[in-house]
Structures are given as C-alpha cells and as structure tokens.
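I set out to record what can be looked up in one model, entry by entry.

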Amino acid sequence: MSKNQDHGFWNAAQKHLIRYGGSFEPAIIERAAGSFVYDADDRPILDFTSGQMSALLGHSHPRIVSTVSRQVGQVAHLFSGMLSRPVVELAERLAALAPGLDRVLLLSTGAESNEAAIRMAKLVTGKHEIVAFSKSWHGMTGVAASATYSAGRKGYGPAAVGSLAIPAPNSFRPRFRNADGSLDWQTELDDAFDLVDSQSTGNLAAFVAEPILSSGGILELPQGYLAALQKKCRERGMLLILDEAQTGIGRTGHMFAFQRDGVTPDILTLSKTIGAGLPLSAVMTTAEIEEEAHVKGFLFYTTHVSDPLPAAVGLAVLDVVAEEKLVERARHLGARLFDGLSRLKQRYDCVGDVRGRGLLLGVEIVKDGRVPDHQLGAAIAAEAFRGGLSMNIVKLPGMGGVFRIAPPLTISEEDLDLGLKIIAQSIEATVNTNRQGIAADEAIGDGVGIQASWIDVAF
Ligand SMILES: Cc1ncc(COP(=O)(O)O)c(C=O)c1O
C-alpha cells in the first residue's frame, strides 16, 4: 500500500485543519530538493509551480540552506525599532536594481506589502479610492482583498469604501477589437476609465496592477499598456502601484516585468520570489513619496518588519540570481518552454492558447475553439499529477481552465522537457480515455475522502 494512504495522517488532517481554499493534493510531501518534491513513497513530483509560485531557486538551494542556518544562529528577529546589516544591505541592493525607487520597507507576505503600499498611497494623496483589474489577486487581508477581484469577494461583508475595478485586457478573448480581430486595448482602457471617472467621488488614490495577472489566468498586459495606464493615473493625480509578487526577480526575463515597458511605478511591491519560498516581501518607492509619507506620519509598524533573517535570505536570493545568471536563464528557458507548449497547441485542439513571458506561462484548455473547458483542464492536471508533474490550474468564469506554469529558474533543460512530455502524455491519456469527471472525484485511500485535486482559486 502506498505510504500516501496513511489513514492516521488524513484523518487527523480532516479532523484538525481549517480548509482555506480548494482541496489538497493526494500525496503527503516529505521533502523537496531542486525542481522536485517527494511524496511519502519517495516518488519525485516535478514542481512546475515553484511551490506557491515562490521557490525561484528550486527547493532547498544550498545557499538558502546555509544562509538560514548561519543567520538564525546570529540574529533572526529583533525589536522592530532596531536595524541590522542585512536589512540595510538588502534595501541598498534592491534600490540599485530599480533606479528611482530608492526607499524600501521589508515585510513578510504579499498581502502585507500591498496593504502597506495602498496605505501609503492613501496617506500621500489624501484620497482613498483604489482601482484594480477585475481578475486581480493582491492578497487575503483587508485592503489587499478589497483590491482582489478574481475570487473570494462574497460573504465577507463590505469591501473597502472606494474599491473600483476595470477589465483586464485579454488578447485571447478581446472585448474590443481592431479591424484585424486583435485586442484593441487602448479603446478598452479609455472605456474603462470613463466608467471609473463616472463612479469616482473625486478621491482616486491609486491603481494597483500585476504586470501579468497570474491568478487571473496569465493575462499579460500588452506592450504599451502600462505606459498608457500610467498616463491615466498621472492625469488623475493617482499613484501607480505595481504588484510584482510573481513577476519580480527575474521570472519574466527582466529583473522586474515593468522594465520591458520602460515604466517605473510610483510604488513597487515584491513578495513570493524575493524570499524564494521564505516569507519576505518589500515595498519600494521614490524618495519624494517616502518623504511625504513620513512627514504625514506614515505608520506600518509590524512584528516582523525589518527582521534580519528574511533579509539575509533576500540577499542570498539576489546573489544567486546574479551568479547563476537566472534572469537570462528565465528568458532562454522560457522560450524553450513556450515553443514546446506551442507545439502542443498545434497538436491538440483542447489547447486553445499559450501565453505569458519568460518562465511564467499559461495554457488555456478549451473545447470547440474557445469554449472554456474547466472539467477537461482539471482532468489533465489530475492525470499529470499521477504522472509525476504538479501544475496549478486556474478556473475562472468566462475562461477555460488555465494551467499556470512557473518552474524554478534553476530548472534544467532535461527537467523542463520532462514536464512538457508529461503534459503531452496527460492530454493524450485524458482526451483518449475521456476521463473527464472521473479524476475530479477520485478519492485517495478507502473511506478517507480527500479529493484528487486541483484548486478552484489560485494564488
Ligand atoms: C500578484 C500577487 N499579489 C499578492 C499576493 C498575495 O501574497 P501572499 O499570499 O504572500 O499574501 C499573491 C499571491 O497569492 C499574488 O499572486
């Protein structure tokens, strides 16, 4: 019997865990190394989502392991009013990577970084309306959740007063089209801001955006869009906040995704990738905005602000990214993965679209051309997991199941190709045996009732 069918484990999980969204994978993960996690049978499972889109250097990278053990023995946590060398050094290193964004605040999670960014934008502008994309994900805490529109809005009472949304541009399913059928994002943006203007009470503080909406199904802002969005913000005295939780630190083939567009935001938030799997996030802004916030009494005093342990990890991450040339690697491996996935698109009708940038790619599963097919997508993901590949699938209304593919930047070409092979085999097996619907309900272990799984919402 598989050690994954440990009834004691699953019964205790069922009895004692609060379920926080979606369902659990049908395996007990005992360890992880490089691009693989290993289940209770020591079966390697290729991790095509870098954990929760975070393990940029793969799992248990020796530099992270040695940094954590060294720093935890030296100084891990401090009174929040004390400073240590890793914190100041990381702030200096990040500022050098994002010219113009000279001031840095180090926190723990993505949601927290967006809370701080939005709080600062409100204080500096003296206004409170926050605009975001209708398929955004900025985190699960108060104000970040108010700016999150892809999931989780119902049942929790009012969102923050002044929360507004505009549609995210979608090249595969354009709402406005040019004569040649392609997405007319400028007309869409103009139309959206007409609506913002008519809803606004004159208190527009900021727009918060992901350069590639990940949980929204890998929707890339087309070239030129960010500049146009910044212009809309400037015209209205709003700040532009970019949330690079997933796109930052090289994943898209640039250190930050905004660098492709030559647009520097007023405030940048980083999380996930900057800690490469450990809880570290950052808010970056200009000296002018920071001065103004400080003069107005900016307060964001938390338990783990400026902690030396995660800061030391962030420094190690930046070192490894530079030494192993991971930004270039993301570009090069991303092109290889994109080609491989595009070949699958040519081969299988159910692969409707392949999109994204660098090593953050999306594959949308459809039927009859562009009709969303969540069930088939879920069945393919379940088959891939059985075949030794972990992929995350986003299921949103109006879109097909979208696989989010974001392997570690350290993945080898062989493992990338292995992942492509498992995806192809999973599509083949699922389409041929018409397994849709079966995988979804398959239980692990008799009577345990944990679903073979994918998740409905993706973070
Ligand atoms: C773009 C983006 N911003 C913010 C968050 C929230 O980060 P966290 O879950 O660390 O609070 C996420 C992820 O879940 C994300 O994808």
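Before reading any partners, I note that two strands count as paired if DSSP finds at least two bridges between them. I also note that the model is predicted.

**Entry 1: the parallel pair.** I looked up S3 and strand S16 (residues 389–390), which pair in the parallel sense over 2 bridges. In S16, Leu-389 is the bridge partner of Leu-46. Ser-390 of S16 is the bridge partner of Asp-47.

**Entry 2: the hairpin.** I then turned to the antiparallel pairing of strand S2 (residues 36–39) with strand S3 (residues 44–47), which runs over 3 bridges. Opposite Tyr-38 I find Pro-44 in S3. How many residues lie between S2 and S3 in the hairpin? I count 4 residues there, and within the turn Asp-42 has a positive phi of about 65°.

Entry 3: I placed both pairings in an open sheet of 4 strands, ordered S1-S2-S3-S16, with mixed pairing. Which are the edge strands? I recorded strand S1 (29–33) and S16, each of which pairs on one side only. As background, strands of a sheet pair through backbone hydrogen bonds, either parallel or antiparallel.

**Entry 4: helix H11.** I followed H11 from its first C-alpha to its last and noted a reach of 22 Å for 16 residues, close to the 22 Å expected at 1.5 Å a residue. Is H11 mostly covered or mostly uncovered? I noted it as mostly covered, with 13 of its 16 residues buried. Just after H11, I noted a positive phi of about 50° at Lys-325.

**Entry 5: the largest nonpolar core.** I looked up this core, which has 128 residues, and listed Ala-121, Ala-206, Phe-207, Ile-241 and Val-317 as the members that touch the most other members. Helix H11 (residues 308–323) supplies the largest share of the core, 10 residues. The core draws at least three residues from each of domain 1 (3–60 + 325–451) and domain 2 (75–323).

**Entry 6: Ala-206.** I asked which residues Ala-206 touches, not counting residues up to four places away in sequence. I recorded Ile-118, Ala-121, Ile-130, Met-238, Leu-239 and Ile-241. Ala-121 and Ile-241 are also listed with Ala-206 among the core members that touch the most others.

Methods. Residues are numbered from 1 along each chain as its sequence is written. This is a predicted model: local features need pLDDT of at least 70, side-chain atom pairs count only at pLDDT 80 or more; totals for chains, interfaces and linings use all residues. A nonpolar core is a set of buried Ala, Val, Leu, Ile, Met, Phe, Trp, Tyr and Cys residues joined through C-beta atoms within 7 Å. A residue is buried if 20 or more other C-beta atoms lie within 10 Å of its own, exposed if 12 or fewer, and partly exposed in between; C-beta atoms are placed from the backbone. Domain bounds come from an automatic or database domain assignment. Two residues are in contact if their C-beta atoms, placed from the backbone, lie within 7 Å. The expected span of a helix is 1.5 Å times one less than its number of residues.
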